[in-house]
Amino acid sequence: MSGNRKFRSAISYWVYRLGSAWRYYRSAKTRYDLHSPALVSFQQSVLKDMADPVLEAFILDFRRWYAKRNEWIDTPTLGAGSHVKDRSKRRLSELVANSSIAPGEGRLLARLARYTEAKTIVELGTNGGVSTAYMAYAQSKARVITVEGNAHLAQSTRESLKHHQLLDRVSLRVGTFRELLPDLLGELDQIDLLFIDGDHRYGPTLEYVRMCLPKARRNTVFVIADIRWSAGMERAWKELTSWPEVSTTVATYHFGFLFFNEDMRGLEPINMIRARWKPWRMGFWG
């Protein structure tokens, strides 16, 4: 990609993201707008950020392991690729530092794994395994099956998981989602927690969710990452909120949550934001 095209692509991307953020902010509700006991429980147990010093110490060590790895790895374009970077090789330390899940979202996944009491977790998009580590460490009784399309990155991720004694909880599969999902799903009776964080395109996102739907149960939660990353992802998320198999949905800025609990049937899809970003929703002004 030429320099001018890269620049125009980056500008277009960030203009879109600013507009997306504004649309989200305008529609977002806070915990003071929740009336359903099920959603109040979800907000208190999962969306409310809480310190977990033991977990954070473990993840910090996990990230530091990568910070010392300066080898170059191949980074073939998979899925939607990047709006702002076009490089066939990157340092492993840089790749994981820039592309792995942020601490706030990682803690949320850890709380969600505990909240669902997940026994089977499926992750599509391993990257360096930081999100994998959050879920596997938080819910030690769960079997985490994670899929990564980049074989070079997967090799390093496997080394890290082994170093941090998580390989007994994690099965790392290498290949594309479309290649591996049919056989993977054939091994499972159900999925308790599904986390999709790869191939951020409209069509594939809907395809992977549809493939996994038969494995959803009453307490299953599907999590779609980067739902506002592009117009296609926003459109995919809007469609998912209306699927008849889905009882209701909750979305933060980055994550969309699909629920299948019939007790939540009929609840309107809701965008959630922390109360401090909309203080007037607390009721101080009537």
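Biologist: A helix here is a DSSP run of H or I with at least four residues. With that in hand, in which helix does Ser-131 lie?

Modeller: Happy to start there, and please keep in mind that this is a predicted model. Ser-131 lies in helix α6, which takes in residues 130-138.

Biologist: Is Ser-131 buried or exposed, and how do you know?

Modeller: The relative accessibility of Ser-131 is 5%. Buried means under 20%, so Ser-131 counts as buried.

Biologist: And which residues is Ser-131 in contact with, leaving aside neighbours within four places in sequence?

Modeller: The partners are Ile-101, Leu-109, Glu-123, Thr-126 and Phe-195. To call these contacts, heavy atoms have to lie within 4.5 Å. Phe-195 comes up again in the sheet, where it stands opposite Val-223 in β7.

Biologist: Let's go to that sheet. What is the order of the strands?

Modeller: The order is β5-β4-β3-β6-β7-β9-β8-β10, an open sheet of eight strands with mixed pairing.

Biologist: What makes β5 and β10 edge strands?

Modeller: Each of the two pairs on one side only. Two strands pair if DSSP finds at least two bridges between them.

Biologist: How do you know that β6 and β7 pair, and in which sense do they run?

Modeller: Four bridges join β6, residues 193-196, to β7. The cut-off is at least two bridges, so the two strands count as paired. They run parallel.

Biologist: Over how many bridges do β7 and β9 pair, and is the sense parallel or antiparallel?

Modeller: β7 and β9 (residues 255-259) pair over five bridges, in the antiparallel sense. You can follow that pairing in the structure: Ala-225 stands opposite Phe-255, and Val-221 stands opposite Phe-259.

Biologist: How is β8 joined to β9?

Modeller: Four bridges join β8, residues 248-251, to β9, and the strands run antiparallel. A hairpin of three residues links β8 to β9. Thr-248 stands opposite Phe-259 in β9, the residue that Val-221 also stands opposite.

Biologist: What makes β7 mostly covered?

Modeller: Five of its five residues are buried. Val-221, Val-223 and Ala-225 point one way, Phe-222 and Ile-224 point the other way, and all are buried.

Biologist: And which residues lie on each side of β9?

Modeller: Phe-255, Phe-257 and Phe-259 are on one side, with Gly-256 and Leu-258 on the other. Both faces are covered, as these residues are all buried.

Biologist: Now a loop residue. Where is Ala-216 found?

Modeller: Ala-216 is in the loop between α9 (202-212) and β7 (221-225).

Biologist: Why is Ala-216 called buried?

Modeller: Its relative accessible area is 15%. Not counting residues up to four places away in sequence, Ala-216 touches Ile-191, Phe-222 and Phe-260.

Biologist: Is Gln-165 buried or exposed? And Asp-199, buried or exposed?

Modeller: Exposed means over 50%; Gln-165 has 64% relative accessibility, so it counts as exposed. Asp-199 has 14%, which is under the 20% limit, so it counts as buried.

Biologist: Stepping back, how many helices and strands are there in the chain?

Modeller: The chain has 10 helices and 10 strands.

Technical notes: Residues numbered from 1 in each chain as written. Predicted model: local features only at pLDDT ≥ 70, side-chain atom pairs only at ≥ 80, totals over all residues. Heavy atoms only, no water. Buried < 20%, exposed > 50% of the residue type's maximum accessible area, 1.4 Å probe, protein only.
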